[in-house]
Amino acid sequence: MGNRLSKIVTKTGDSGTTGIAGNIRLEKYHPRIETIGLIDELNSLIGIGIADLNEIVKVDDLPLLRQIIKEWSTVQHQLFNLGGELSMPGTELIREKAVTQLEEWLTEYNEQLSPLKEFILPGGTPIVAKTHYIRAISRKVERALWELNSHDPLNPHSLKFLNRLSDYFFVTARMIAKEENSAEIFWQKELVEG
C-alpha cells in the first residue's frame, strides 16, 4: 500500500474551506464537514475509553471488559468508515452487518441486566461516567447525520448504526458498572420537587 498521507500541512484550508472526494471544496462549517468532525470527536472519546479500560484490566483481569475493548475497537473502525462515506459522497461503507452486530451485543448484555425502574444519571466510576458521555456524543452525531440526510440522503445503514450505537453505549455503561460492582445513580424525583 502506498502512502495515504504524503503531506500533513497542505495550507489548502487557509481560506476556510476543506476538500472532499470529487475535487469538491466545502466551507469548514458546512454540515457535512461538521458531521465528519463530530464523528472524529466520538471516535477520539472511544479511544480514551479504550485506554481507560486497558488500565483497568491491567489491575483486574475482567474478561467482560476485555470483550468490550474489542467491541469498541470494532466500533472505531466502523466510525472511520462512516467518516469515509461522508468524505466520498455516494460511497456506502457501513453495511447491514454493522447494525446487526450492535443488536447482537445489545441483546446479549440486556439479558444480563436487571430491568430499569428508574432513569439512570450519568456518573458512577470514571469509566462508567465516560461511557455515558460517549453515549451522549453518539446521539449528537446521530442528530447531525439526520440533519445532513434531510438535505442529501445518506446510507440508511449508517443512520441505523448511529441509532443503535447510543443504545449500545448506554447498555455497556450499565454492564461496566455491574462488572465493577458500582452502584448506578438513579434519578430521584423527590430531589427536584422542592
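Modeller: Start with accessibility: a residue is buried when its relative accessible area is under 20%, exposed when over 50%, and partly exposed in between, using a 1.4 Å probe and protein chains only. By that rule Arg32, at 5% relative accessibility, is buried. This is a predicted model, in which local features need pLDDT of at least 70, side-chain atom pairs count only at pLDDT 80 or more, and totals for chains, interfaces and linings use all residues. Residues are numbered from 1 along each chain as its sequence is written, and side-chain values use heavy atoms, with hydrogens and water left out.

Colleague: With which residue does the side chain of Arg32 meet in a salt bridge?

Modeller: Side chains of opposite charge can pair when their charged atoms come close. A salt bridge here is a side-chain nitrogen of Lys or Arg within 4 Å of a carboxyl oxygen of Asp or Glu. Arg32 meets Asp152 in this way, at 2.5 Å from N to O. The two are 120 residues apart: Arg32 is in helix H1 (residues 31–59), Asp152 in the loop between H4 and H5. Asp152 is partly exposed, with a relative accessible area of 34%.

Colleague: How many salt bridges does the structure hold?

Modeller: Eight. One of them joins the side chains of Asp52 and Lys130, 2.4 Å from N to O. Asp52 lies in helix H1 and Lys130 in helix H4, so this pair ties together parts that are 78 residues apart in sequence. Asp52 is partly exposed at 22%, and Lys130 is partly exposed at 33%.

Colleague: Is His151 buried or exposed?

Modeller: His151 is exposed, because its relative accessible area is 64%. His151 belongs to helix H4 (residues 126–151); helices are DSSP runs of H or I with at least four residues, numbered from the N terminus.

Colleague: What span does helix H5 reach from its first C-alpha to its last?

Modeller: The expected span of a helix is 1.5 Å times one less than its number of residues. Helix H5 (residues 156–179) has 24 residues and reaches 34 Å, close to the 34 Å expected. At its start, a side-chain oxygen of Asn155 comes to within 2.9 Å of the backbone nitrogen of His157. After H5 comes Asn181, with a positive phi near 55°.

Definitions and conventions: Polar contact = N/O pair within 3.5 Å; in protein donor to acceptor, adjacent residues only side chain to side chain.
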